[in-house]
Amino acid sequence: MSGTTQTQSDLQTLALVAAEKPRGLRKLSGPSGDPGPKTSTEKTDPRRRIGRIALYAALTIFAIGLLTPFAWMVLSSLKSANEVFAVPIRWLPEAWVWQNYVDIWAKSDILTWIRNTLFLAVVVTFLQVLTGSFAAYGFARMRFRGRDALFLLYIGTIAVPWQSYMIPQFILLSNFKVSNTLWAIILLQAFGAFGVFLMKQFYETIPEELSEAARLDGLSEYAIWRKIMLPLSIPALASLTLLTFVNTWNDYLGPLIYLRNPDLWTIQLGLKSFVSNLYDTNYALLFAGLTISVIPIAIIFLLGQKYFVEGLATSGLKG
Amino acid sequence: MAITAADAPTRVVTPKPAPPRRRSRLKMRNTLIGWSFILPNFLGFGLLTLVPIVVLFYMSFTNWNIFGTANWVGLANFQRLMGDGSFRVSVLNTLYYSALHIPLTIAVSLGLALLLNNKIRGVAFFRTAAFFPYITSIVAIAVVWNLLFSPEFGPINEFLRFIGIANPPGWLTSPDWAMIAVVIVGTWRDMGYYMILFLAGLQTVPRELHEAARVDGAGIWQRFVNVTLPCLRPTMFFVTVMLTINSFKIFDLILVMTEGGPGQSTLVLSQFIYRKGFMENQFGYASAAAVALFFMCIVVTVLQFLWNKKRSI
């Protein structure tokens with residue numbers, strides 16, 4: 001269901017192949033995390049120095065290739081409409097047209113789109129984190145017949161692309177009269193297997209003795225989940241929250257199929273329609289809109305980068 | 001060793017087995033509590049994922065249309081698919097995309113991971129930069145790249161002309177180059193993600209092995225082939241499985257960049273399903289194509305699992 005988004009379904013696929021031995025969140029402190037043996041001769045060795053320079057050169061080329069499109073997007077958003085296609089290409093705007101960022105609010109419904117997207121992202125994230133971590137406790141800590149088979153079913157569906165069952169799902173939701181409402185997207189995204197998998201992986205790294213002790217103190221399983229597991233799993237909850245939020249914000253296919261009414265459009269749908277309805281092709285304005293749609297995600301990503309990377313790496317590896 | 005074994009019985013307090021009846025009641029209670037944890041998520045998961053998958057197979061044998069009337073037509077949909085030129089094109093294009101995208105993404109993201117696995121200043125910055133495309137919305141990616149690829153005014157062709165290529169490709173306007181442009185963007189978007197996986201994998205490679213190989217006089221390339229790659233095999237397996245499934249189902253990138261064009265040159269299987277289902281309302285027929293996609297993914301995943309198992313013995 002949440003296979004709607006590329007990211008999440010990637011993760012789910014990961015989950016499928018990685019569902020063997022659970023580990024905690026992968027610490028990806030990078031090579032810098034482990035200083036290792038390093039002698040002073042290594043530093044002064046000229047061959048090593050050349051290698052280092054080559055390394056930086058390669059990385060810089062990579063970084064330029066990766067970031068140029070972003071730079072171009074932001075710079076174009078500050079140009080006048082005609083200047084975007086100036087030949088030969090001019091990177092910096094002749095005059096910085098900050099007005100684009102004012103006009104976009106008046107010339108499009110971007111406020112509505114942002115409101116819808118924000119609403120969806122918050123509700124979906126809340127439900128996914130809640131039901132995911134709750135179900136994960138059942139899978140990680142309770143022992144009962146059929147549990148492992150059920151979990152296998154959860155991960156099995158991860159190899160099934162959403163595109164293959166989007167039609168019956170659409171008919172089902174249409175019969176419930178929720179297509180063309182925001183509820184459709186909430187239902188679609190909120191009960192993903194990925195959240196269950198990620199949280200289960202993490203719970204299994206928490207020592208069983210903690211819950212045992214709490215059980216002896218008379219705490220119910222629900223209280224153990226709420227009072228012990230939840231507080232201890234904050235890093236994993238942060239990962240799941242960030243990943244779900246970003247996925248929902250960026251989702252394009254789900255809204256495309258379900259949200260026909262322009263009042264319900266998300267920012268992705270809105271901007272896409274803006275592309276195709278741009279009579280005077282004011283691309284500078286469009287780039288302003290795109291920049292606005294990317295910035296919240298960029299900020300969230302930069303703030304929570306550690307959790308992003310650890311969450312993703314956890315989903316990807318068994319050991 | 002012997003001491004531990006002798007110690008064990010005294011240290012481990014085995015709980016006394018409960019009387020049979022109490023035990024079965026306890027089991028029952030555990031089952032109920034267990035299910036109560038899973039149920040909230042399972043309701044959504046079952047209804048919105050499991051049920052549609054089952055219904056999909058039924059639909060593929062019917063002529064289900066927009067009015068919801070469905071007659072059993074047996075294998076008619078599948079026979080029709082066999083003779084459908086667009087379907088064949090879409091399958092071939094999907095395979096073409098996969099054949100380019102999978103090796104390219106592995107090479108680039110592994111290369112990047114190897115570069116970033118060095119102890120150098122600024123590693124965090126490069127890692128962030130590499131990851132950024134992956135969290136950017138597909139619409140922004142498509143608009144920006146479509147203009148970068150623009151044959152007349154685009155910076156890419158301008159650069160190519162600058163370095164002396166007189167007739168740079170038409171990219172998205174050319175049937176021969178459109179898919180290649182999509183592959184480039186797809187790789188650009190995905191490589192940060194796979195790089196993270198490879199980086200995590202690289203950290204499981206024992207340092208001592210590298211040191212030993214170095215002492216034995218192995219060069220960088222020999223160490224890569226004989227030490228790094230074998231140690232990365234589990235990661236490589238995950239990455240390949242994921243990349244394959246993700247390539248087979250490629251859809252959103254195509255939809256926002258080319259919509260399958262020019263002509264049918266970038267029409268892929270997922271889009272064929274979408275067109276037949278949501279634009280032409282032939283739900284039954286579209287479901288048959290979706291069953292094809294389903295089996296493509298499952299069969300390839302199972303094959304990769306078997307191959308991996310065989311190699312790890």
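Reader: Where do B:Phe42 and B:Phe45 sit relative to each other along helix H2 of chain B?

Author: They are separated by about one helical turn, because they are three residues apart in helix H2 of chain B; a helix here is a DSSP run of H or I, at least four residues, numbered from the N terminus. This is a predicted model, in which local features need pLDDT of at least 70 and side-chain atom pairs pLDDT 80 or more, while totals for chains, interfaces and linings use all residues. Residues are numbered from 1 along each chain as written, chains are lettered from A and ligands numbered from 1 in written order, and side-chain values use heavy atoms, without hydrogens or water.

Reader: Are those two buried or exposed?

Author: B:Phe42 and B:Phe45 are both buried, a word used for under 20% relative accessible area with a 1.4 Å probe and protein chains only.

Reader: How many aromatic pairs are there over all chains?

Author: The count is 43, where rings of Phe, Tyr and Trp (its six-membered ring) pair with centres within 6.5 Å, and planes under 30 degrees apart are stacked, over 60 edge-to-face and the rest tilted. One of them is the tilted pair of A:Phe170 and A:Tyr258, 5.3 Å centre to centre with 50° between the planes. That pair links distant parts of the chain, since A:Phe170 belongs to helix H7 of chain A and A:Tyr258 to helix H13, 88 residues apart. Both A:Phe170 and A:Tyr258 are buried. B:Phe42 and B:Phe45 form a tilted pair as well, at 6.3 Å and 45°.

Reader: Which residues cluster?

Author: One aromatic cluster includes A:Phe70 and A:Phe301 together with chain B residues, among them B:Trp145, B:Trp171, B:Trp177 and B:Trp188.

Reader: Switching topic, how much area do chain B and chain A bury between them?

Author: About 9,500 Å², with 77% of it on carbon and sulfur atoms, counted as the accessible area (1.4 Å probe) lost on putting the two parts together, summed over both. B:Phe37, B:Leu48 and B:Phe278 supply 9% of what chain B buries there, more than any other three residues. Helix H2 (residues 20-59) gives the largest share of the side of chain B that touches chain A, 23 residues.

Reader: And how many residues are in contact?

Author: In chain B 99 residues are in contact with 107 residues of chain A, contact being heavy atoms within 4.5 Å.

Reader: Last one, where is B:Thr266?

Author: B:Thr266 lies in the loop between helix H12 (252-257) and helix H13 (269-279) of chain B, and at 0% relative accessibility B:Thr266 counts as buried.

Methods: Helices (H or I, at least four residues) and strands (E, at least two) are DSSP runs, numbered from the N terminus. Buried means under 20% relative accessible area, exposed over 50%, partly exposed in between (1.4 Å probe, protein chains only).
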